[in-house]
Amino acid sequence: MEDSYKHKGQRKQLIQSLRKKGIRDERVLEAMELLPRHFFLPPAFIEWAYTDKPFQIGKGQTISQPYTVAYQTELLEVKKRERVLEIGTGSGYQAAILALLGARVFTVERHAELYESARKLLRDLNFGNIRCFHRDGFNGLPEFAPYAGILVTAGANEVPPALLNQLEIGGKLVIPVGDKVQTMQRITRVAEQDYRTETFKTFRFVPFLKGLD
Ligand code: SAH
């Protein structure tokens, strides 16, 4: 896989457009400028890698729109060396962005083939601080909890209780909640039994499905 001047130039423009759309966190923008998104797309889509669009590429897989990745990552406010859990590995792109921000990333995917291909790609790209698991994200990943941040990249009808339980005190869950359209929520665990919810814009995600595939 190759990164070229053309791709770098297209990335710069994409970052400019994200800035115009209201993304403010320079660390997030920097990570997105650094990471070649075209590595995460099937060859047929490479030409479109730096347009601000999601791609549905079968088996329920979507690589989220760059704006959505930036928006969710900004809300998570990841700091270096923090443990972050992502639900819905998909292509592996979002996990790689979190890793570039210095997080220790755990990511789970319910679909076996997607899990395999993302794990292989992230290994080939030398992302040593990302660990991939073939799991139903509805249960989170209890063996490595608690997490400073949990990021859900599929649309959930309800907030899975396991995810709330796996937050450390002060930890944040960023999750799109809703049926056809989802409202972005950020739920902070302010005390052992006390959570604070903030709501943000609406998005459309592929569904959060129960069970493995
Ligand atoms: N973060 C991804 C985008 C993922 S699209 C990226 O950067 O490319 C949402 C993903 O969530 C899909 O791959 C889907 O298979 C997965 N998913 C849906 N429900 C899930 C669940 N219960 N547990 C784990 N993964 C799930």
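The legends below describe close-up views of a predicted model.

**View 1. Helix α2 crosses helix α4 at roughly 120°.**
Two packed helices are described by the angle between their axes and the distance between the axes. Helix α2 covers residues 26–34 and helix α4 covers residues 93–100; their axes come within 9 Å. At roughly 120°, the crossing makes α2 oblique to α4, because angles from 65 to 115 degrees count as roughly perpendicular and those over 145 as roughly antiparallel. The crossing of α2 past α4 is right-handed. On the α2 side, the residues in contact are Ala31, Met32 and Leu34, and on the α4 side they are Tyr93, Ile97 and Leu100. By class, this contact has six nonpolar residues, with no polar and no charged ones.

**View 2. Helix α3 crosses helix α4 at roughly 40°.**
Helix α3 is formed by residues 66–76, and its axis comes within 11 Å of the axis of α4. The two helices cross at roughly 40° and are therefore oblique to each other. This crossing, too, is described as right-handed. From α3, Val69, Gln72, Thr73 and Leu76 take part in the contact; from α4, Tyr93, Gln94, Ile97 and Leu98 do. The contact of α3 with α4 has five nonpolar and three polar residues, and no charged residues. Tyr93 and Ile97 of α4 are listed in the contact with α2 and in the contact with α3.

Glutamate 86 has a polar side-chain atom 2.8 Å from a nitrogen atom of the ligand. In glycine 88, a backbone N or O atom lies 2.9 Å from a nitrogen atom of the ligand. Leucine 209 also places a backbone N or O atom by a ligand nitrogen atom, at 2.6 Å.

**View 3. Alanine 145 and proline 146 are joined by a cis peptide bond.**
The omega angle of this bond is about 5°. Proline 146 is found in the loop that runs between strands β5 (130–134) and β6 (147–152).

**View 4. Glutamate 77 has a positive phi angle.**
Phi of this residue is near 50°, and the residue is not a glycine. Glutamate 77 lies in the loop between helix α3 and strand β3 (83–87).

Definitions and conventions: Residues are numbered from 1 along each chain as its sequence is written. This is a predicted model: local features need pLDDT of at least 70, side-chain atom pairs count only at pLDDT 80 or more; totals for chains, interfaces and linings use all residues. Side-chain values use heavy atoms; hydrogens and water are left out. Axes are lines fitted to C-alpha atoms, for helices over the stretch in contact, and angles run from 0 to 180 degrees between N-to-C directions. Helices (H or I, at least four residues) and strands (E, at least two) are DSSP runs, numbered from the N terminus. Angles under 35 degrees count as roughly parallel, over 145 as roughly antiparallel, 65 to 115 as roughly perpendicular and the rest as oblique. A crossing is left-handed if the near helix is turned anticlockwise from the far one by less than a right angle, and right-handed if clockwise. Contact means heavy atoms within 4.5 Å. Ala, Val, Leu, Ile, Met, Phe, Trp, Tyr, Cys and Pro count as nonpolar, Asp, Glu, Lys and Arg as charged, and the others, Gly among them, as polar. A polar contact is a pair of N or O atoms within 3.5 Å; within protein, one must be able to donate a hydrogen and the other to accept it, and residues adjacent in sequence count only if both atoms are side-chain atoms.
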